[in-house]
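Take a look at the chain below.

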Amino acid sequence: MPKIKTNRGAAKRFRKTGSGRFKRAHSMHNHILTKKDMKRKRKLRASTMVAEADTPMVRRMVPYL
């Protein structure tokens with residue numbers, strides 16, 4: 001049985017937690033930041049979890065993570 005290739009773009013975006021869930025960064029924190037207030041930008045810095053509905057798709061993209 002051949003190995004499954006890891007989606008390299010997904011591997012750079014997701015990290016696995018100790019409980020087996022996936023951690024991700026928020027979007028909208030890259031450019032055009034002048035119109036966003038400090039509270040919004042500060043909250044976008046923090047990481048969050050991938051939704052339960054999307055977890056199987058992420059698991060398929062990064063099988064060895």
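This report goes from the overall fold to the charges and then to the backbone.

**Overall fold**

The model is predicted. The chain holds 3 helices and 3 strands. Their order along the sequence is α-β-β-α-β-α.

How does the radius of gyration of the chain sit against that of a compact globule of 65 residues? The globule would come out near 11 Å, but the chain has 15 Å. Along the principal axes, the C-alpha atoms take up a box of roughly 50 × 25 × 20 Å. Of the 65 residues, 17% are buried.

**One salt bridge**

How many salt bridges does a search of the whole structure find? The search gives 1. The partners are Arg21 and Glu52, whose side chains meet at 3.3 Å, N to O. Arg21 sits in the loop between strand E1 (15-16) and strand E2 (22-24). Glu52 belongs to the loop between strand E3 (48-49) and helix H3 (55-61). The two are 31 residues apart in sequence, so the pair ties together separate parts of the chain.

Are the two partners buried or exposed? Arg21 is partly exposed, at 34% relative accessible area. Glu52 counts as exposed, with 57% relative accessibility.

**A positive patch**

Positive charge also gathers on the surface. The patch is made of Lys39, Arg42, Lys43 and Arg45. Arg42 is part of helix H2, which covers residues 38-45.

**Positive phi angles**

Now turn to the backbone. Most residues other than glycine have a negative phi. Met28 has a positive phi instead, near 70°. Ile32 is not a glycine either, and its phi is positive too, at about 55°.

Where do these residues lie? Met28 is in the loop between E2 and H2. Ile32 has its place in the loop between E2 and H2 as well. Met28 counts as exposed, while Ile32 is partly exposed.

| Residue | Relative accessible area | Class |
|---|---|---|
| Arg21 | 34% | partly exposed |
| Ile32 | 48% | partly exposed |
| Met28 | 56% | exposed |
| Glu52 | 57% | exposed |

To finish, go back to the structure and find the loop between E2 and H2, where Met28 lies. Then find Arg21 and Glu52, the two ends of the salt bridge.

Definitions and conventions. Residues numbered from 1 in each chain as written. Predicted model: local features only at pLDDT ≥ 70, side-chain atom pairs only at ≥ 80, totals over all residues. Heavy atoms only, no water. Salt bridge = Lys/Arg side-chain N within 4 Å of Asp/Glu carboxyl O. Helix = DSSP H or I, 4+ residues; strand = E, 2+ residues; numbered from the N terminus. Buried < 20%, exposed > 50% of the residue type's maximum accessible area, 1.4 Å probe, protein only. Patch = residues over 30% accessible without salt bridge, like charges linked within 9 Å, V, L, I, M, F, W, Y side chains within 5 Å. Areas by Shrake-Rupley, 256 points an atom, 1.4 Å probe, with all protein chains shown as cover. Lys, Arg positive; Asp, Glu negative; His and termini not counted. Charge placed at Lys NZ, Arg CZ, Asp CG, Glu CD. Rg over C-alpha atoms; globule rule 2.2 N^0.38 Å.
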